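Please study the model shown here and work through the exercises that follow. Each task is followed by a solution in steps.

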Amino acid sequence: MADTKPQIVMRSGPIPGSSYYLDKDEVSIGRDLANDVPVPDAEISRRHARFIVKNDGVYIEDLGSTNGTFLNGVRLSSPKRLQNGDLITLAENTVMSFEWEGAEQAATFTPTYGAPLTEPEPVRAEPVYQAVEQPVPQRPLAPEPTPVKSSKKPWFLNFLLILLIILIIVGLVLTFMPTSWWCFLSFNQLPGCIAGP
């Protein structure tokens, strides 16, 4: 039996035609570069969804994304098992298909990785959808964010502020300075100053 490898192939979105193997127990997908599959789309949440590889197949789970994860057009509210050819839509513009590389697929899949299940999960029979590619309406891209202006003041405003503080301090000192200091500074030339010996 040929080894089967689950993978996702991006059909439409920012990187159409790219494919990613699901070669770990959990593979995260989202806008953040820390994800296993980063997708540069503003409509996608930072941690949007994840793929979970188990002994009985591969599941997809939405991680509380803002714009939702859809499996064959139905929004996910709980983890769902994937079938070959399923269409996964993240938000509105990114559409991927789930595929098995190799002749055999889900029913005979036995991964060489992944923790064994302690107790088997019940497998519900889900309707099989025919994968039909439909054009996804393209929304205009969001405008580029305006750069944040620096909060630094020009140097001359800082200089004027320091000069004003100095003038206020000098004015206060001169206002409350004793008369004897005024006479000393004027060499006893001011009226009211007592001439020296």
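Contact means heavy atoms within 4.5 Å. This is a predicted model, in which local features need pLDDT of at least 70, side-chain atom pairs count only at pLDDT 80 or more, and totals for chains, interfaces and linings use all residues. Residues are numbered from 1 along each chain as its sequence is written, and side-chain values use heavy atoms, with hydrogens and water left out.

**Exercise 1.** Determine the location and the contacts of I52.

Step 1. I52 belongs to strand 5 (residues 49-54); a strand is a DSSP run of E with at least two residues, numbered from the N terminus.

Step 2. Neighbours within four places in sequence are set aside; I52 then contacts D25, E26, G57, V58, Y59 and E61.

**Exercise 2.** Decide whether I52 is buried or exposed.

Step 1. Buried means under 20% relative accessible area, exposed over 50%, and partly exposed in between (1.4 Å probe, protein chains only).

Step 2. The relative accessible area of I52 is 13%, so I52 is buried.

**Exercise 3.** Classify the aromatic pair in the structure.

Step 1. Rings of Phe, Tyr and Trp (its six-membered ring) pair if their centres lie within 6.5 Å; planes under 30 degrees apart count as stacked, over 60 as edge-to-face and the rest as tilted.

Step 2. The structure holds 1 aromatic pair. The ring centres of F98 and W100 are 5.5 Å apart and the planes stand at 85°, so this pair is edge-to-face.

Step 3. F98 is buried at 0% relative accessibility, and W100 is buried at 7%.

Key:
Helices (H or I, at least four residues) and strands (E, at least two) are DSSP runs, numbered from the N terminus.
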